[in-house]
Amino acid sequence: MPASKKRFYIESYGCAMNFSDTEVVASILMEKGFDATDNAEEADLVFINTCSIREKAEQTVRNRLNVFRHIKSKNNGLLVGVLGCMAERLKEKLLQEEQLVDMVVGPDAYRSLPALIEETKTGQKAVNVLLSREETYADISPVRLNSNGVNAFVSIMRGCNNMCSFCVVPFTRGRERSRDANSIINECRQLFEQGFREVTLLGQNVDSYQFIESEQFNSEAGEAGHMAVSFAMLLEQIAQIDPLLRIRFSTSHPKDITDDVLYVMAKYDNICNYIHLPVQSGSNRILQLMNRTYSREWYMSKVNRIREILPDCGLSTDMICGFCSETEEDHQQSLSLMKWARYDLAYMYFYSERPGTLAARRFKDDVPEEVKKRRLQEMINVHRQQSLESMQRDVGKTFRVLIEGISKKNDQELYGRNDQNKVIIFQKNNHKKSDYVYVKVNSCTAATLFGEVVNG
Ligand code: SAM
Ligand code: SF4
């Protein structure tokens, strides 16, 4: 069968970066004549783009592989590929552990996928887990699989140089590198021209984005020079594409977010006032063991600065409880910081030891599982109360909302998001996807705002 008739099926797990990578993989495969299918049973190639961040994420992937094993038993020619962080972490070992797997491909090796597929045709297993210091897939136009045509992810950098002691990402995604600013701006412009109205710029640590433009002639100095594009400069250039293109970004590291970024956010209405600023813990002792390189006080001063420059800015965080040696007192400090920060959204996890990380090598994972679970529940309780209060504060206010689609529960209603990333539901009337409307909020639950359009 010619390659052009082969169909691939791909599933993604984990962070937004992985979903964005899947769009790059789809582009590479479609360029070589493969077709995408959303039915694994009719595919010739099945890929799973994996996450290693916690043990549970890896277990989810193993469970999915069991389902693929069943499909492969009915389709002998089916090729199964494991992509992403778990591929990078386990390398060849994955082939031994999971006999059904034919290909293991790390996050920097997707360009070699067509060649690896060829290799497996001879019955061999294929592995490429080389990490790169340069690869950003800058020239590849991602294929927007399962897109709503409104929001798109745009990857601006890869890898991470921060060695948070709990985190496997620096090992699975390699060194930090920033993508060519021009290719990012072009991709955003094309998305806008195709009808997309919101881009989310992705990186593990977007505030350390820095792209050195190639030599330019500096007429004043009469010599060639380099120009460094910072994250604030990149944001500004994307904001200028069109006022109707909204911009979000994730993730910001508290040690790196600058006033310049906050001022650019304040200057442009189309940069959403929303910052994901993970703190991880409220205890200085634990922050130090985590190697986060900031203190509770530093973090609080950053939050104060954000609220000073952007008074209506939405704020979210990631929290880890039960990290090595965490005491009840440390845990109480995390709870008190959460109460102080009044997060609109929090992603909360209990610590999961990852082999090879600094914490796994240096510290004992000594908080018993039932204690971790109880502390996590206490965090969730604090957050539940806070997110409800955050929603209640919005009742009576009017927001500019980008419409994303028809509400799942009622086809006469639409849903969209405000600047602060909160979902708002309202009557459809003549409004449609991709439009901006002003919605006055009348009521809420802990997860959703309900309102009415007030601009006709
Ligand atoms: N780069 C981002 C940052 O520094 O905030 C996020 C990276 S990670 C994909 C997302 C979140 O997973 C982290 O912020 C952290 O809360 C959580 N996480 C990472 N490693 C973990 C571990 N070993 N156990 C539990 N949660 C973990
Ligand atoms: Fe992991 Fe820290 Fe890098 Fe985030 S900043 S990806 S938590 S090492």
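1. In this predicted model, a polar backbone atom of Q204 lies 2.9 Å from a nitrogen atom of ligand 1. This is a polar contact, defined as a pair of N or O atoms within 3.5 Å; within protein, one must be able to donate a hydrogen and the other to accept it, and residues adjacent in sequence count only if both atoms are side-chain atoms. A backbone N or O atom of S352 is 2.7 Å from a nitrogen atom of ligand 1, and an N or O atom in the side chain of R54 is 3.1 Å from a nitrogen atom of ligand 1. Taken alone, ligand 1 exposes 560 Å², of which the protein buries 91% (Shrake-Rupley method, 1.4 Å probe).

2. The shell around ligand 1 holds 15 residues, with Q204, P278, Q280, D318 and S352 coming nearest; a residue belongs to a shell if one of its heavy atoms lies within 4 Å of the molecule. By class, these residues comprise 7 nonpolar, 4 polar and 4 charged (Ala, Val, Leu, Ile, Met, Phe, Trp, Tyr, Cys and Pro count as nonpolar, Asp, Glu, Lys and Arg as charged, and the others, Gly among them, as polar). Strand 15 (314-321) and strand 16 (345-350) each supply at least two residues of this shell; strands are DSSP runs of E, at least two residues, and helices runs of H or I, at least four, numbered from the N terminus.

3. Ligand 2 is surrounded by C160, N162, C164, F166, C167, V169, P170, Q204, H253 and R292. Its shell has 6 nonpolar, 3 polar and 1 charged residues.

4. Helix 2 (residues 55-74) has 20 residues and should span 28 Å at 1.5 Å a residue, which agrees with the 30 Å between its end C-alpha atoms; the expected span is 1.5 Å times one less than the number of residues. Its buried residues are A57, E58, V61, R62, L65, F68, I71 and K72 (buried is under 20% relative accessible area, exposed over 50%, partly exposed in between; 1.4 Å probe, protein chains only). They fall within an arc of 165° seen down the axis, so they line one face of helix 2; the arc is that of the directions from the helix axis to the C-beta atoms. On the other side, E55, K56, H70, S73 and K74 are exposed.

5. T120 lies in helix 5 (residues 113-120) and is buried, with a relative accessible area of 6%. A polar atom of its side chain is 2.5 Å from the backbone oxygen of I117.

6. Residues are numbered from 1 along each chain as its sequence is written, while chains are lettered from A and ligands numbered from 1 in the order in which they are written. Local features need pLDDT of at least 70 and side-chain atom pairs count only at pLDDT 80 or more, whereas totals for chains, interfaces and linings use all residues; side-chain values use heavy atoms, with hydrogens and water left out.
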